Amino acid sequence: MSPQEHLNIEEKVVDMLRTVYDPEIPVDIYSLGLVYKIDVADSGDLTVDMTLTAPNCPMADFIMEDVRMKLESIEGVKSVTVNIVFEPEWTQDMMSEEAKLELGLL
């Protein structure tokens with residue numbers, strides 16, 4: 001995979017993650033700062049490390065499945081692994097300025 005193909009896939013991954021929402025929060029998971037790492041291997045295998053706003057999030061399975069299905073639809077992605085991690089612990093400081101504004105935190 002060329003560096004340009006690698007970059008194109010990463011951009012598509014971010015674009016796709018911006019379409020995934022926690023049904024209880026009107027802001028996408030990327031803008032919320034829930035995505036910690038995006039790793040695209042030369043083989044086309046994609047690994048995403050992400051967290052949840054709370055460890056006992058009732059929508060965790062729904063969100064993970066939405067992420068996996070959307071990322072698998074990207075051309076050039078061969079497989080998707082979504083890892084839920086809780087280190088570092090998510091805080092509101094990780095949200096984008098736009099997300100904070102949307103949620104009335106600014």
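These legends describe close-up views of one predicted model.

**View 1. Confidence across the predicted model.** The protein averages a pLDDT (the predictor's confidence in each residue, from 0 to 100) of 93. Here, 100% of the residues score at least 70. Confidence is lowest in helix α3 (residues 97-102), with a mean of 92, and highest in strand β2 (residues 45-50), at 97. Helices (H or I, at least four residues) and strands (E, at least two) are DSSP runs, numbered from the N terminus.

**View 2. An open sheet of three strands.** The order is β1-β2-β3, with mixed pairing. Strands pair if DSSP finds at least two bridges between them. β1 (35-40) and β3 stand at the edges with a single partner strand each, so one side of each has no neighbour in the sheet. β1 and β2 run antiparallel, joined by five bridges. Ile38 has Val48 in β2 as its bridge partner.

**View 3. Asp49 in strand β2.** Asp49 lies in β2. Asp49 is buried (under 20% relative accessible area; exposed is over 50%, partly exposed in between; 1.4 Å probe, protein chains only), at 15%. Its contacts (heavy atoms within 4.5 Å) include Tyr36 and Asn83, not counting residues up to four places away in sequence.

**View 4. Val82 in strand β3.** Val82 sits in β3 (residues 79-84). Val82 is buried, at 14% relative accessibility. Beyond four places in sequence, Val82 touches Val48, Met50, Met64, Val67 and Arg68.

Residues are numbered from 1 along each chain as its sequence is written. In this predicted model, local features need pLDDT of at least 70, side-chain atom pairs count only at pLDDT 80 or more, and totals for chains, interfaces and linings use all residues, while side-chain values use heavy atoms, leaving out hydrogens and water.
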